[in-house]
Amino acid sequence: MMQMGELHGGSRMLSAWELLGQSGSFWLPPPAATSADVVDSVFQLILAVCTVFFVLIVGLMVLFVIMYRRRDGVEASDSPSHNTALEIMWTAVPVAISMVIFYYGFKGYLDLRTPPLNAYEVQVFAQKWSWTFQYPNGVVSEELHVPVDRPVRVVLSSQDVIHSFFVPAFRIKMDAVPGRYNQTWFQARTEGKFDIYCAEYCGSSDKDSQGHSSMLSKVVVHAPGEFENWLEDQANVVKRLPPAQAGEELYKRYGCAACHSTDGSARTGPSFKGIWGETHEFSNSTPTKVDENYLRESILEPMKKIRSGFQGVMPTFQGRFKNDQEIRAIIEFIKSLK
Ligand SMILES: [Cu+2]
């Protein structure tokens, strides 16, 4: 709540209007993203208009009920049938008010619907009943991590039914629809963790109390520079996972899976299943036993030994890995496929 600091710092007093709109304490959660401002101000405007008219209408009604109640000896007079001035007024004033609401609402809507071109992009996958987030470098997470003070565009899709991505603190809500991509964006202004809900009833299951109401996650807003560290850490699977498991993730990430299966079936290249310790024959070299050095060479210089029965079409991965540990991890993974 940065507003508190401003208040006590005394640089400037916030008006009651701004406090209502920004603290979020009573009607609304703290406005943790820039998108909250427009939503909140239109909400406050509509609330104020409604309050004024509620008091006016109900107040006059009560007053008239008392003033003009039926009394003995007083005859009811005919009610006036027409008052042009009054009718013009009660048409023009509501039209003017609704045009003001429309102006601010539509302007805000356009802003909310138009992500800045330089926005950071995150893919959001919805499914029964969880959220998955994917970053441009391939990292996948179950909570949405974003940098503070930077526009973030989220591209939404669903694996099954319609879900709705809702972050109350940012005032954004957008459907995730199977078979198409929706987008929304926000710029977080407060570091911290904020709730993500699914706002579209997407079913329930009695089993292990899964269901729409447990389709929850968090947005984690990182301080400047911290987000990059987090992303780097996540990308470093070798640091995060035991070697064979890291190798499996790298096998998928570097696209080895397109040509190499792990179940014994040949694709463009031979399967990795059970090759550890075998002796392989080559169309351009003498037979070699599959050990660490052979695997390393096969990955970095695939043309040196072309396995019999296969074409020499594997691209070299020389210079593609972040470090040598990644190659070790892939070797451990191949080793583990007995
Ligand atoms: Cu859902």
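This is a predicted model: local features need pLDDT of at least 70, side-chain atom pairs count only at pLDDT 80 or more; totals for chains, interfaces and linings use all residues.
Now colour the buried residues of α9, which are E326, I327, A329, I330, I331, F333 and I334. What do the buried residues of α9 pack against? Show α6 (237-240), α7 and α8 (292-300), and you have their packing partners.

Next, bring up α7 (residues 243-253) together with α9 (residues 324-336). Their axes come within 7 Å and cross at roughly 100°, which makes α7 roughly perpendicular to α9. To see the contact, select P243, A244, A246, G247, E248, L250 and Y251 on the α7 side, then E326, R328, A329, I330, E332, F333 and S336 on the α9 side. Sorted by class, this contact has eight nonpolar, two polar and four charged residues.

Time to visit some loops. Go to W129, in the loop between β1 (120-127) and β2 (130-134). Look at the peptide bond leading from K128 to W129: it is cis, with omega near -10°.

Then move to D149, in the loop between β4 (144-147) and β5 (151-158). Its phi is near 60°, a positive value in a residue other than glycine.

Finish at R171, in the loop between β6 (163-167) and β7 (172-176). R171 is not a glycine either, yet has a positive phi of about 60°.

How values were computed:
Residues are numbered from 1 along each chain as its sequence is written. Axes are lines fitted to C-alpha atoms, for helices over the stretch in contact, and angles run from 0 to 180 degrees between N-to-C directions. Helices (H or I, at least four residues) and strands (E, at least two) are DSSP runs, numbered from the N terminus. Angles under 35 degrees count as roughly parallel, over 145 as roughly antiparallel, 65 to 115 as roughly perpendicular and the rest as oblique. Two residues are in contact if their C-beta atoms, placed from the backbone, lie within 7 Å. Ala, Val, Leu, Ile, Met, Phe, Trp, Tyr, Cys and Pro count as nonpolar, Asp, Glu, Lys and Arg as charged, and the others, Gly among them, as polar. A residue is buried if 20 or more other C-beta atoms lie within 10 Å of its own, exposed if 12 or fewer, and partly exposed in between; C-beta atoms are placed from the backbone.
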